[in-house]
Structures are given as structure tokens and as C-alpha cells.
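Dear colleague,

I am handing over the structure we spoke about, and you will find the sequence and the coordinates just below. After them I have set out what was found, so that you can follow along with the model open beside you.

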Amino acid sequence: MGKTLFDKIWDPHVVSERDGQTLLYIDRHLVHEVTSPQAFEGLRLAKRKVRRPDLTFATMDHNVPTEDRENIRDEISKAQIEALSQNCREFGITLFDLKNENQGIVHIIGPELGLTLPGTTVVCGDSHTSTHGAFGTLAFGIGTSEVEHVLATQCLVQKKPRTFKVEITGRRSPGVTSKDLILKLIGTIGTAGATGHVLEYTGPAMRELSMEGRMTVCNMSIEAGAKAGMIAPDETTFQYIAGKKFAPKGKEWEKSLQFWRSLPSDPVATYDRELTIDAGQVVPQVTWGTNPGMVVDVDGVVPSPGQVPGLARTDHERALEYMGLKAGTKITEVPIDVVFIGSCTNARIEDLRAAAGILKGRRVSKRVKVLVVPGSQQVKRQAEAEGLHKIFLEAGASFRESGCSMCLGMNPDQLQPQERCASTSNRNFEGRQGKGGRTHLVSPEMAAAAAIEGHFVDVRRWK
Amino acid sequence: MNSFESHRGKIATLDRANIDTDQIIPKQFLKSIKRTGYGESLFFDWRYLANGKPNPDFELNQPRFKDASILVTRNNFGCGSSREHAVWALVQYGLSVIIAPKKGETPAFADIFHNNSVKNGLLNVELNEAEVDEIFQMTGRYEGLEATVNLEEQRVTLNLPEEISFHFEIDRTVKEHLIRGLDEIGLTLRHEKEIDAFEKRHPSDSRTLILRSSDMPG
């Protein structure tokens, strides 16, 4: 029997097995300020050390302001950020802090520093750790108790997840992005459709995606409930990694390539579940409700209660009420107040280029406030080198410092009650971007076009 | 962590599917560096009005559910963010058991939430949809209905004159972990020699590239 990509990573990371539980070795542990302080405190109380500080990397991203980072006015945020600095000093962990040129959203800096490598295991106290799976990495989010466990032991006790292959065939039409593919999948299988499974994305539509596009797909695997999402490494992957700060070099690079080329699933490998989606049938997606599975085609309407399979009428009605939407309304007639281009889902250079491509030479609607937040300092510098920041500013958008920002509004970037936002982030949960705020998840292209028009438009037909 | 054997308590019902951890505990409460103090903020946006007063329409604020310690809800509870603060908030509010239904093949609880629950002694009970529907009905019919959840026997029993009880499945190691209240890190550290041995062979065996200290930034 053949092995899947997942098997080829899981098996060599098994330290020991007992009673159906596996002690799994972790190659990279990424840490941020929000889910780690209690873990470090646990270590102190038990007088334990960090086993492998050399495999542990930290940054601050969730709380950080995107303007005036020198003076953090929120004292509680400031204390949490300082606690991370103190913990990294005390336990000898490398930290990319607010003054560091490599600071950024943890899931953006891991890949861009070459910390995320094929065939490895990566964990972080953050559900969007699934992002790193784009490299043929087994990467998943953990809670704070597990963060403490990895800090102390460099291992995790795990039950082996099942596997789920999603083959994306065909070719995307112009205007259809990787974001639309993953939203379509979540809309198809639901927000718990892959719970207990590791997704492996295959097929020609995945192969032709850039690493940025693949990361967007893997990033949102968790929104389908998956333990992780992964894509086999190929030449696109190797080209992305080559020359990155922590990537292997010289002889090690050659050895690594040989290993990485052995990772793709064997043709005869079998999966617990399989599904095929035709990329050619996918159109730009817009969420209408309060979870990422509540999504429709841009040329569709807000669905009526009872129309969506698996969604209880009461839950549907509650979502419509929260979102301030009437069933039957055309998506392209929904007006918006705010556009957020950012987050670990869509704040890489390619995303900013795509948004800038739409905004170039245009002005955003007077009624819309537009926030562009690069995912990292590296992305920000690259955008500036390409002049993208000028395009954003001239269009009337603001261009900020890197961080999670309005994806979850732990910093000052928040929606006001009832404000409606076209967002390139990953969660349209109630209150996610600010109490009472209404989030519609879309691709960077869709967000940028909506910024200009003041309502959603179908980017495929829009000029 | 306290050990979990059998729990008797009042049931509260929350008839919503896909309750995400952003609802269980909103972001502004994640700035704390402590492990305690989250109970007051549980379901904050649903539980309190804009003026800070309790929202009388929210289920857990209703007198009939006062001091409930068993929450019965719908499928995919705890989806979304990995924040363990959600479990801390549920436990510190006073909940000991969450009951939710499996829906077809879809598990009742989101993965990370379930793992976090086990670490904090919060029992997640997965029943089937018809069973959960029955608890909803009975809780509606009998005000102040209590249940006994016996982990050893894997059984939920509604405390009614007519005996209504449901068997539930649970992973054997999770059950043992909850009953014995184990320190998982301590247990793993008993395998330190195996970890040492693994680390010696790991870089060459898998050719996973472990960083050398010379690669570390300044």
C-alpha cells in the first residue's frame, strides 16, 4: 500500500506510541504573544526549561498597532507584548520583535524566513498554523496547554488524524483566486466538514497556484474544521524556499531537495475520504453570514432560511439578523463601509499586488474606509520597493505597519457596530472584527473592486 | 487538574450550532497573561447589553438556567480560534460538562477545542442528534432539570422519575486522562530518554534540517 504525503511526514516523527496515542516530534514551534504567557508561567511554576529553544521562534503580531508602534496606548496589550519579550529573554528564544526587520504575522514570517520546510512538523498556538501546510509540512494549531507541552518536551501527544484528499481539477477563470477555491470548498463541505481529518489538496488547479495562493488555501483549512491542510512540494515550492534566511544552503540544499522530492503521495496511496472540485466551475465567492461556510457566488443572492442544506432555520435567521441582510438581496447590491486587505490569509506580496492592480489610477468610494495591512515588514518593504504603497495612498487607502490588525481587532483597528466590511481575512464570526461589525470574506481583488464601487461587484465583469 | 468521576448538575441549553470560540470569549479578554478571571466574560457579546447589564434574552441569563453546570448545545461547538481561554472561561463560569450531537459523520466538537477541554478537565460528551433533541425537550418541559454524568460508566442520566439515560462513547486515553487528572507534561517527560534517542537519529533519518545555533540571528 502506498503512503500519502501525510504518512511520509507523520511516520518519521513518531517518538513512541502507546494506547493509540502517538508522541509526535515537533521540528518548529512558532510562538506569539497571546497564547503563550500562561504556558511560560506554567514552565516557571513547575521549574521546567524550554527543551529546544533553537527550534522555537517568536514574534508579536495579534496585539500590535498598525500605526505608531513606538507608543502602544493600550496598557494591557503593551503588558502582553512585553511579557513575550521577557519570556523569550528568560528562556533563550529567538524573537522577531517590533523593532526587528522580520517582524510580522507568525504564519507569514515562518515561510518567508525559510523556517517552514517540506517534510517537517510545525505547530503554533494559533489555528491558522495550517497555512504552513502549503510547503508539504504537517502544521497545525494548538492550545496553550499544548504550547507548554511543546516548550517543555518538543513533542505532542496526538491521536493520528484521518486523511481527506481534495482534488481540484480544471483551470480557474480570470478573476477567480485561490481564496475563491477554498471558500467554495468550505461552502461545499461546511465548517465541520473536515473535522478530525488532514486535508491534502491535489490536482492541476493546485499545481498552477503560486506559494502565496497555496498558503491562502491551506490557511483556511481550519475553517472547514480540518486538523491541517497540505500540498505536496514541487518546483514552485523549492523556488520559493531557495535563498531564504534559514533555508538549507549548499550541500544541505541538495540533500534536502532529494528528500523533499520523495514526499508527494504515492499514486496508489489511499485516503479515508476524497472529493473533487472543478476549478472551472468556481466563480468569485462572498460570505453572507456569520461563519465561512455561509458563502455564495458573487452573482447570487442572499439565501433564504430553509434553502441551505444542513443549516437550521433558526441559525440562518439569526445570521441574517446579525448581518442586517434580507434574503433574496443580490450580493452585488450589498453596500460596504470598510475594506480590510490583510491577515495571514491574504497579506502576502502577491495579494497586495493583486489589490494594487485593481486600485491603480482609481479612487476608492467616498463612503468606504480602506485599510491595507501588509503581513510582515518584509512584505511592506517589498510593496514599497514596487511602489504599491503609492497606489494605495493615491487611491485613498491607508497603508500600515504589519500585524494581524482588523482580522480579529485585538489592536485599535476595529469595526464599529453595524459597519459592513469586505475583508480578505478568514473569519466572519459575529464580532470578530469589532463588536457588532459585519464581515464579508472575499479575495483581495474582490475587496479592492468593492472599495472603488462602495458595494460588491463581480470582478470578472468589472472594468 | 482535578479528576473527573461523576458529575451531577443542572442543565442549561443553548440552541445554536457552530458556536465558535470568538463567541465563547471575545478577543478583548485574550490580552490577559493570567489563566484565571475569564468566567465573567464567557459569551460576553451575547450575555451583556451595550450598557453592561445582563441581556435578559440570552439563555444563560434566564433564572431557569442559574447555576447550571451542564451545557447542552448543537453540533461543531468550539470551532474557530485555538484560544484555550474559551475552555478556561467555560470552566471558570462553573461548567463541568458540555453535551453536543454528532451530525452524521461530523464530530460534535471542534478538534482544538476538544483537546483544550481534556487538558482542563472539561468533559465533552458526544451523543447523537435524537438524544440531544430529547434533552432539549425534557429541559424545556421540566424546569431546573438535572442530569448525572458518569464518566466511568459513560452514561448521561436525566434526573427524572422515568429513567432516561444515554450511553456515550469516549476515547479510552481521554477518559483515563480525565478520571485520573494526569499531568501530561510530567508523563511525557518520563519518556525523555526516548526523546533524546529520537533527536539523535532524527536529522539524518528524515533529513529534516535542524537549525544549528550558528544560523541563529544576532
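**Chain B as a whole**

In chain B, 73% of the contacts with a separation of 6 or more are between residues 24 or more positions apart. Please keep in mind throughout that this is a predicted model. Chain B has eight helices and seven strands, and its C-alpha atoms fill a box of roughly 65 × 45 × 30 Å along the principal axes. Of the 218 residues in chain B, 41% are buried.

**The sheet of chain B**

Seven strands of chain B form an open sheet with mixed pairing, in the order S4-S3-S2-S1-S5-S6-S7. Strand S4 (123-127) and strand S7 (164-167) of chain B each have a single partner strand and stand at the edges, so one side of each is left without a neighbour in the sheet. On average, and with direction ignored, neighbouring strands of this sheet are turned by 25° against each other. Strand S3 (residues 97-101) of chain B runs parallel to S4(B) and is joined to it by five bridges; Pro101(B), for its part, has Leu127(B) in S4(B) as its bridge partner.

**Two loop residues with positive phi**

Asn18(B), which is not a glycine, has a positive phi near 55°, and it is found in the loop between strand S1 (6-13) and helix H1 (21-24) of chain B. Asp67(B), also not a glycine, has a positive phi of about 65°, and its place is in the loop between helix H2 (44-47) and strand S2 (70-72) of chain B. Are these residues buried or exposed? Asn18(B) has 28 other C-beta atoms within 10 Å and is buried, whereas Asp67(B), with 9 C-beta neighbours inside 10 Å, counts as exposed.

**The nonpolar core**

In soluble globular proteins, nonpolar side chains tend to be buried together. Here the largest nonpolar core has 199 residues, and those with the most contacts inside it are Val339(A), Ala355(A), Val372(A), Ala447(A) and Ile99(B). Leaving aside neighbours within four places in sequence, Ile99(B) is in contact with Ile70(B), Val72(B), Val125(B), Leu127(B), Val132(B), Ile135(B) and Val156(B).

Ala355(A) is also one of the buried residues of H12(A). This helix (residues 349-359) is mostly covered, with eight of its eleven residues buried; among them are Ile349(A), Asp351(A), Leu352(A) and Leu359(A). The cover over the buried residues of H12(A) includes helix H8 (211-219), strand S15 (338-341), strand S16 (369-372) and helix H15 (444-453) of chain A. Just after H12(A), Gly361(A) takes a positive phi of about 75°.

**Where the chains meet**

The contact between the chains takes 67 residues from chain A and 53 residues from chain B. The elements of chain A that give two or more residues to the side touching chain B include strand S1 (14-18), helix H3 (75-91), helix H5 (144-153) and helix H11 (313-323). Which element gives the most to this side of chain A? H5(A) does, with seven residues. The residues on the side of chain A that touches chain B divide into 23 nonpolar, 29 polar and 15 charged.

With best wishes

Methods: Residues numbered from 1 in each chain as written. Chains lettered and ligands numbered in written order. Predicted model: local features only at pLDDT ≥ 70, side-chain atom pairs only at ≥ 80, totals over all residues. Contact = placed C-beta atoms within 7 Å. Helix = DSSP H or I, 4+ residues; strand = E, 2+ residues; numbered from the N terminus. Nonpolar A, V, L, I, M, F, W, Y, C, P; charged D, E, K, R; others polar. Buried ≥ 20, exposed ≤ 12 C-beta atoms within 10 Å, placed from the backbone. Core = buried A, V, L, I, M, F, W, Y, C linked by C-beta atoms within 7 Å. Pairing = 2+ DSSP bridges. Axes fitted to C-alpha atoms, helices over the stretch in contact; angles between N-to-C directions.
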